[in-house]
Amino acid sequence: MLATALASCFGAIAPAGSAGARRSACPGANVPPDGANAGIVDGATLCLIDGVRAAHHLPALRANRELGAVAIGQVVSMVRWDYFADVRPSGQTPLSLVVVTRYPAHATRIEVAENIAWGTGADATATHIVAAWMASPPHRRVILDGEYRDAGVAVNATLPRMVGAGQPGATYAMEFGVRRG
């Protein structure tokens, strides 16, 4: 059985002190993630998202190292601790993870959102994951929110046991952010 699941989370804090044409232009968009191609699939995911945003007259997102590190941590955590959610079992939210990075430096306020997904087989490709996000109203809102300027993407070519039941697949996380002031 092929399955895909999705979730998203929003947060804000004032810290202290034509998509089909684009898909073919995104290398790695249709390859199943594995341990050797995760970086290519990460790039393909951002490329596809930027194609969708361009089709809606929105600016491309800038790849951000800090948001990318949070995304990597999220997919590793979900697989390691066998859960699928934006909020970690420890209670950490995407916002609480971003605020302790350098991302908020020189900003008076940041806003973040997270889209996560998992898929098996052909449903684990970046093309399928982005299409699933666009078919989900809360995920679509995040992707098409013109306020977000930065992003970090991570894919782990493993699934949490609770969703994958031993099947091959991949887990995705995409962090969106904007710094204000």
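I began with the link of Cys26 and Cys47, which is left-handed, with -75 degrees about the S-S bond. This disulfide (a pair of cysteine sulfur atoms within 2.5 Å) has an S to S distance of 2.0 Å, and my search of the whole structure found one disulfide. I noted that the pair links distant parts of the chain, 21 residues apart, with Cys26 in the loop between helix H1 (19–24) and helix H2 (38–55) and Cys47 in helix H2; helices here are DSSP runs of H or I, at least four residues, numbered from the N terminus.

I then looked up burial, where buried means under 20% relative accessible area with a 1.4 Å probe, protein chains only. Cys26 counts as buried at 3% relative accessibility, and Cys47 counts as buried at 18%.

For helix H5 (residues 126–135), I found seven of the ten residues buried, so the helix is largely enclosed by the rest of the structure. I listed the buried residues of H5 as Ala126, Thr127, Ile129, Val130, Ala132, Trp133 and Met134.

I kept in mind that this is a predicted model, in which local features need pLDDT of at least 70 and side-chain atom pairs count only at pLDDT 80 or more, while totals for chains, interfaces and linings use all residues. Residues are numbered from 1 along each chain as its sequence is written, and side-chain values use heavy atoms, with hydrogens and water left out.

Last, I checked pLDDT (the predictor's confidence in each residue, from 0 to 100): the protein has a mean of 87, and 87% of its residues reach 70 or more. Over residues 1–23 pLDDT stays under 50, and where pLDDT is low, the predicted coordinates should not be read in detail.

Technical notes: Contact = heavy atoms within 4.5 Å. Helix = DSSP H or I, 4+ residues; strand = E, 2+ residues; numbered from the N terminus. Buried < 20%, exposed > 50% of the residue type's maximum accessible area, 1.4 Å probe, protein only.
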